[in-house]
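Here is a short briefing on one structure. Take a look at the sequence and the 3D view before reading on.

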Amino acid sequence: MPGNTAAEAVRILGIDPGLRVTGFGVLERRGQALSYVASGVVRTLDTPLPERLKTILDGLARVIAQHAPDQVAVEQVFVNVNPQSTLRLGQARGAAICAAVACGLPVAEYTALQVKQAVVGNGHAAKDQVQAMVRRLLRLPADPSADAADALACAICHAHGGQGLGRLATAGYRMRHGRLV
């Protein structure tokens with residue numbers, strides 16, 4: 001993103017990885033202006049894990065082919081109480097990253113705290129708050145689904161250099177387990 005002039009459009013694909021539902025959102029940044037391109041989800045069936053990962057990989061590859069993003073932003077995995085769930089979510093995230101990297105796209109990663117802070121101004125915002133702010137920022141006629149909103153929020157966070165609306169203040173924070181604390 002550095003070096004882009006206000007006239008250059010940058011298309012960003014945001015991804016909210018999930019083993020059952022992976023959200024995606026595509027937006028375009030021209031200067032500081034953001035415009036909505038597309039959003040949706042890739043759903044997997046209740047099949048063995050390798051087949052589900054292939055569904056995520058193939059689904060996101062189709063999204064990339066259709067919308068031709070320049071950059072990809074992926075939400076990082078948070079640590080669940082259940083280690084097995086965390087591991088499976090990490091595998092879904094890996095499939096999403098592989099889809100982008102296989103297409104030669106640069107990938108940036110953001111914690112949920114960073115994304116929520118950048119979009120809502122509160123790192124502990126509820127899902128409905130994220131949906132409402134995404135709707136407002138992208139001037140959408142209705143709230144996107146929760147998974148698509150999270151993906152669009154990740155793209156918005158990336159579009160603002162990971163800094164968000166009020167420039168995410170990281171002074172005084174430190175990283176622990178991939179999260180700002």
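The points below cover nonpolar cores and salt bridges. The model is predicted. Its largest nonpolar core has 23 residues, and six salt bridges are counted.

**Nonpolar cores**

- Leu27, Tyr110, Val134, Leu138 and Ile156 have the most contacts inside the largest core.
- Elements that give two or more residues to this core are β1 (9-16), β5 (107-110), α3 (112-119), α4 (127-137) and α5 (146-159).
- Helix α5 provides the largest share, seven residues.
- Another core, of 21 residues, lies apart from the largest one and includes Ile15, Val63, Ile97 and Leu105.
- Leaving out residues up to four places away in sequence, Val134 touches Val119, Leu140, Pro144, Ala149, Leu152, Ala153 and Ile156.

**Salt bridge within a helix**

- Lys54 pairs with Asp58 in a salt bridge, with their closest N and O atoms 2.5 Å apart.
- Both sit in helix α1 (residues 49-67), four residues apart, so about one helical turn separates them.
- Lys54 is partly exposed at 49% relative accessibility, and Asp58 is partly exposed at 27%.

**Salt bridge between a helix and a strand**

- Arg93 and Glu109 meet through their side chains in a salt bridge (1.9 Å, N to O).
- Arg93 belongs to helix α2 (residues 83-102) and Glu109 to strand β5, so this pair ties together parts 16 residues apart in sequence.
- Arg93 is buried at 13% relative accessibility, whereas Glu109 is partly exposed at 37%.

**Salt bridge between a buried and an exposed residue**

- Arg52 and Asp46 form a salt bridge through their side chains (4.0 Å, N to O).
- Arg52 is buried, at 5% relative accessible area, while Asp46 is exposed at 70%.

Conventions: Residues numbered from 1 in each chain as written. Predicted model: local features only at pLDDT ≥ 70, side-chain atom pairs only at ≥ 80, totals over all residues. Heavy atoms only, no water. Core = buried A, V, L, I, M, F, W, Y, C linked by side-chain atoms within 4.5 Å. Buried < 20%, exposed > 50% of the residue type's maximum accessible area, 1.4 Å probe, protein only. Contact = heavy atoms within 4.5 Å.
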